[in-house]
Amino acid sequence: MALARPSDFAHASAPAPGTFNPAYIQVKNFSFYYGHNKVLHSLALDIPERQVTAFIGPSGCGKSTLLRNLNRMNDLIDGVRHEGDITVGGRSIYDPLLEVIALRKRIGMVFQKSNPFPKSIYENVVYALRVAGRNGKSELDEVVERSLRGAALWDEVKDRLHESAFGLSGGQQQRLCIARAIANRPEILLMDEPCSALDPIATSKVEELIHELKKEFTIVIVTHNMQQAARVSDRTAFFYLGKLIEYAATPDIFMNPKNPQTEAYVSGRFG
Amino acid sequence: MPKDPQSDIPARFRVAKTTLLVDRFMNQFIKIGGLSIIVAVFAIFVFILAQVIPLFRDAKVEELKAVQLDAAEYAILGIDEWSELPFALRTDGEFLFADVIGERGLTRKSLPFVTEHGFGAAHYNQLAQRVAIGTRNGKFALVDLHYRPVHAPGGGRSITADPRPGPLYDIGRPGAPITHIAYADAGARKLAVVKQEPAENGGPVELHAVSLTQRRGLVGGGQISVDRSFDLTPLVPGTIDRFLVPAQADAVVVATTEGEIIYLFRQGDRFVVRQTFRPFPESPGPLSTFNFVFGDVTLVVGDQAGSLKGYSLYLAPGAEQRLFGHTKTFPAQKAPGTVFANSVRNKAFVVGSGSHADLLFSTTEDRRWGKSFDFAVTHAVIGGKYDRMVFLDDKHVLHFYRLDDPHPEASFRAFFGKLWYEGSPAPRFDWQSTGGSDDFEPKLSLVPLIFGSLKGTFYALVFAVPIALLAAIYTSQFLKPEIKTVVKPVMEIMASLPSVVLGFLAALWLAPIVETRVPSILLLVTLVPFSAFALGYLWTHASPRVRVLIPHGWEFLVFIPVLLGVGYAAWQMGPALERLLFVVTDPSTGARVADFRLWWPTVTGTPFEQRNSLVVGFMMGFAVIPIIFTISEDALSNVPQSLRSGSLALGASRWQTAFRIVLPTASAGIFSALMIGLGRAVGETMIVVMATGNTPIMEWNIFSGMRTLAANIAVELPEAPHHGTLYRTLFLGAMVLFLLTFLVNTLAEILRQRLRSRFRSVE
Ligand SMILES: Nc1ncnc2c1ncn2[C@@H]1O[C@H](COP(=O)(O)OP(=O)(O)O)[C@@H](O)[C@H]1O
Ligand SMILES: [Mg+2]
């Protein structure tokens, strides 16, 4: 893979630094175990507010594991253990007094494989509101339109909101999942390789969407695709074998990597 | 030799011959296996159908022989119990026996007393093979026919008859001619009734009765003598036409020429009018038909237009005595019935008029057979085994018929409709296949059994479905996998418990406990779920500091002790609740007692039985829970993890995820689980047989039992004579069961497919 070109970078549109909390999410000396298998090794990084942070690295290096820890989705797996801490807005997500449900309402998530519910498009979008007990028709209607517009899907589905979500194409389903994730206006949006199952046209639509969304949300995106990281992110973290190798502004990672491993990876010499 | 299709393919791409062979063989094997299952199911259905179809056949009747009798007038036609030697009694008192099987032709026997006193009237009792003959001068005698099989020396057997008259008794007005006679012998009670027309004196028609007693000799019966005489004439308004004496010898039923029926009943040493009624108020005039069907409880009456009705004796609600009431309406006859004969084996009878005869069945009002002959019928009789019929025509020819009607009681209405059975105050769905007496009327309605099956299934599912489903949801969505691996095999062991063991436990262990502890059970079923909900509520509202003490998936460690405690408390508090709420006055002692078993019948009016639906529901629930649990747990576990994650990531709780996402997605599988559970409950036999009283009642009362189709087959099939009506009716029950499950399964499958396409999830 060729080195990314400067025109690929998104920093031109990035907001002026200092406007937002540069350490909105803090990963502090964080280690993580599946059983006895330690997959994250004493990670430490700060993720800034309302910017796109990309996690890159070869398969199995622990990108998804870290991402899923940010909203404690890993709790669902048996025999996991962690050391260190993660804070969001200064508060530990492992605080026993913190409702994990409330945490997840704050942090939306889009999965690698689109996973619409076996319900109508409409019901998929309003699911987060319904489980929160918000059932007012006008509010829901409004949220559906706003979320679907936010996910650039409104024009394509506005006439069949009450049809099954399974009637949508793969790319539309993934954008529906994004609409669903932003319906309740979370603060943070986690995306785990959201485009890996999509064709190039659908991918570029989602990437455009990420540009739009970052005005409102703090986005953390895991990706495999170097150009994508370069195109959409403001900061990039490179992981290798469960260790954070290098974390810097995206142009620096791609144009000017400090670590030889990073250099080797972004220039496509291994991966 | 055919060219090997693989010969032009490079060797490395060729498929090994054995692979192809095994593949082909397995294909065929699976095909044959599948087909043979279909064939087997179909064959079972065909077999059951073959057992059932004969029930719905009409009677088959064919003429075997015709014998020319003397050109004379005949009073009665009769037949022996072997149906080989019918007789006709000439009005000059001569018996003519016609050998319709052998070659003996006609044999005659005249009775000297008839020649001497003149023939007045005769009455034939087919069961006793006895004829009562009244003379022209006010006397009567009983003539025993003495039918007897005689074994010829060279083998073979023939029937002979030897009519021997008993003593002559005086009855009624001395010397007055008897024009109608009836006689009944009920052992201790014997009653002879005659109509006399002292025409010479121009007097009116008179009705007289005598009761007879039999002095007990040292060996056998002694002499019969007249005990008491009754003049019944004043009791009958209008002109006496005909009368009947029921076999119980306690009454006389008189028909007048005006078409009125007077029911005279003997009370001590006199007769009283118990009932007077007109079966056909719209058509006055003498009745055409006026006879009993076998059992002498149902009266068949016909008017001059050919209408035919049945009147049965029954005790109406609130009435003190059994009276005749209109219970049957038979198919109308083309002409008024003048000839009548009833079977002495069942409730069938023949009505004839002119050249037409119909064979009717009283219970079902069904016409079994009918025919227009090329002769005019004057007399008829049905063979004692309901396998022969004899008609006498106006040209004095005796026609001997074979009657082939093995299942006269069967009809669609008998199985699925309400019938007005003898003695019952209203039409009912009833199942009672066998009874104590010969004249018992089988009640073959399958409706109470279908009802019982539904009732048993209902109570089993009411108990099993919530427990099994909630357990499946909890196990699949909340429980730690370590515990899950224990729970599932335990449930599977539970599924393999033989139902006879469960039935045994239900009948001998559970039923006696439940009987005395109903209030405890009431508390249990209300308090335990309530405390579970309350505890759940408290738990979700508890401080996170408390909740972090228990890791996710181990919450049951808190719940179980609490629920056990509540259960124990509920059980112990039962008697206190009983003393508080279920107090009644014991009708026998007048004391106030706290006993649910007495309280329930007094308050609801429905019975309380020890072996009741609660016990069955509980035990059958036990049989059904593992099935529903296992299948629905699988269905729930198979919901893709990605859907659960998606829901949880949106901030839904585990319950919300379970109910809003997992349950609908697994609904097709859960539906199958319910249907398979339902099928098991409908077909379940041993538990029901053992844990209920098997009473075929039709009420939803939870404290009474039931009889299900399956239990009915198990209970009655061993007793049912091969290919008899009951045997075939049981097969009909099996077919109903078969169709019921087939219907339910088909509907379920359609619904399941719909659910499946609706909640098809991404793989
Ligand atoms: N549920 C799990 N249980 C045990 N090990 C896991 C699980 N998920 C991931 N792993 C392991 O953790 C490591 C990191 O995986 P992951 O975070 O999925 O990597 P990435 O997303 O970077 O490809 C891998 O070695 C993987 O095998
Ligand atoms: Mg991954």
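**Labels and their criteria**

Analyst: Over all chains, a search of the whole structure finds 48 salt bridges. The model is predicted: local features need pLDDT of at least 70, side-chain atom pairs count only at pLDDT 80 or more, and totals for chains, interfaces and linings use all residues. Residues are numbered from 1 along each chain as its sequence is written, chains are lettered from A and ligands numbered from 1 in the order in which they are written, and side-chain values use heavy atoms, with hydrogens and water left out.

User: What makes the pair E145(A) and R149(A) a salt bridge?

Analyst: The closest N and O atoms of E145(A) and R149(A) are 2.8 Å apart. The term requires a side-chain nitrogen of Lys or Arg within 4 Å of a carboxyl oxygen of Asp or Glu, and the pair therefore qualifies. Both residues belong to helix α4 (residues 137–150) of chain A, and because they are four residues apart there, about one helical turn separates them.

User: Which residues form the salt bridge between chain A and chain B?

Analyst: The count between these two chains is one salt bridge. D78(A) and K480(B) form it, with their closest N and O atoms 3.1 Å apart. The count of residue pairs in polar contact between chain A and chain B is six, both residues being at pLDDT 80 or more; such a contact is a pair of N or O atoms within 3.5 Å, where, within protein, one must be able to donate a hydrogen and the other to accept it, and residues adjacent in sequence count only if both atoms are side-chain atoms.

User: Which elements of chain A give two or more residues to the side that touches chain B?

Analyst: They are α2 (100–106), β6 (107–110), α3 (121–131) and α6 (170–182) of chain A; helices (H or I, at least four residues) and strands (E, at least two) are DSSP runs, numbered from the N terminus. The most comes from α3(A), with four residues.

User: How many residues of chain A and chain B are in contact, and what area is buried?

Analyst: In contact (heavy atoms within 4.5 Å) are 28 residues of chain A and 29 residues of chain B. About 2400 Å² is buried between the chains, and carbon and sulfur atoms give 62% of that area. The value is the accessible area (1.4 Å probe) that two parts lose on being put together, summed over both.

User: Why do β1 and β28 of chain B count as edge strands?

Analyst: The open sheet has the order β1-β30-β29-β28 in chain B, with antiparallel pairing. β1 (60–68) and β28 (377–382) of chain B each have a single partner strand, so one side of each lacks a neighbour in the sheet. On average, neighbouring strands here are turned by 20° against each other, direction ignored.

User: How do you know that β1(B) and strand β30 of chain B pair?

Analyst: Strands pair if DSSP finds at least two bridges between them. β1(B) and β30(B) (residues 397–404) have eight, in the antiparallel sense, and therefore they meet the criterion. In β30(B), V397(B) is the bridge partner of Q68(B). K60(B) lies in β1 of chain B and touches R402(B), L403(B) and D404(B), leaving aside residues up to four places away in sequence.

User: What joins β9 and β10 of chain B?

Analyst: Four bridges join β9 (residues 148–151) to β10 (residues 157–160) of chain B, and the two strands run antiparallel. H151(B) is opposite R157(B) in β10(B). The hairpin of β9(B) and β10(B) has five residues between the strands, and in it G155(B) takes a positive phi near 85°.

Technical notes: Axes fitted to C-alpha atoms, helices over the stretch in contact; angles between N-to-C directions.
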